[in-house]
Amino acid sequence: MELLYAPASPYSAKVRMAARYLDIGITDVRVDTNAEPATLIDNNPLGKIPVLLHDGGSVYDSVAIMHYLDRVSGGKLYPKKHAKRTEAEILEALCDGVMDCLLAIVYEKRFRPEEKIHQEWIDKQWRKVVKALDYLNDNLPKTGKKLHGGHFALAAMVGYLDLRFSGQWADGRKRLADWPEKFGKKFKQYTELKSAA
């Protein structure tokens, strides 16, 4: 299997971490989405990453890939009990939503001429981020024996915050800012993957 990814993509990071945790052999293939390479466009009409290539087919969108990895691993990525699985899926959705807001901010600043940047839009996205980070700081998930999809989404989100919003988010959120250290003790490849981004 191959994973089309970009190093800075938090969604790619989430999937790459989950695959390593599950010990599923995936070859990472770096792509430039702006160049719209055929390998990407032919396997995801949206031209977005990550994309998992397998047995002549493709799976795209990080959530779909995570659920595919769960099935391939025999159900090792999400809890078996319905209530616990729902908690993990909600955590993943919240972290993915934060990443959506952060990317909206980055793209607004990156792709618009300075005079056309819509600051109200950026501020609205940042307010969503702030609310979610405050919630997560007060409601961190348990990090027990087994990790789940929500943990990997949280690690990817914090990694992206550190990459693109360093110095802008951690003040007053010590529990959340310190969480990756706890996560890294459970998932030894975290530091390796984080530095490879």
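I began with a single residue pair in this predicted model, and found that Leu-52 has Val-59 of β4 as its bridge partner. I then looked up the strands around that pair: β3, which covers residues 51-54, pairs with β4 in the antiparallel sense, and four bridges join them.

Next I traced the whole sheet, which is open and built from four strands in the order β2-β1-β3-β4, with mixed pairing. I noted β2 (27-30) and β4 (57-60) as the edge strands, since each of them pairs on one side only.

Helix α1 (residues 10-22) touches β1 (2-5) and β2, and its direction makes about 155 degrees with that of β1. Helix α3 also packs on the sheet, where it touches β1, β3 and β4, and its direction makes about 120 degrees with that of β4.

Last, I turned to how α3 (residues 62-72) meets helix α4 (residues 82-111), and found them packed at an angle of about 150 degrees, with axes 12 Å apart. Angles over 145 degrees count as roughly antiparallel, and α3 and α4 are therefore roughly antiparallel to each other. I recorded the crossing of α3 past α4 as right-handed. On the α3 side the contact is made by Ser-62, Val-63, Met-66, His-67 and Asp-70, and on the α4 side by Arg-85, Glu-89, Glu-92 and Asp-96.

Definitions and conventions:
Residues numbered from 1 in each chain as written. Predicted model: local features only at pLDDT ≥ 70, side-chain atom pairs only at ≥ 80, totals over all residues. Heavy atoms only, no water. Axes fitted to C-alpha atoms, helices over the stretch in contact; angles between N-to-C directions. Helix = DSSP H or I, 4+ residues; strand = E, 2+ residues; numbered from the N terminus. Parallel < 35°, antiparallel > 145°, perpendicular 65-115°, else oblique. Left-handed = near helix turned anticlockwise from the far one by under 90°. Contact = heavy atoms within 4.5 Å. Pairing = 2+ DSSP bridges.
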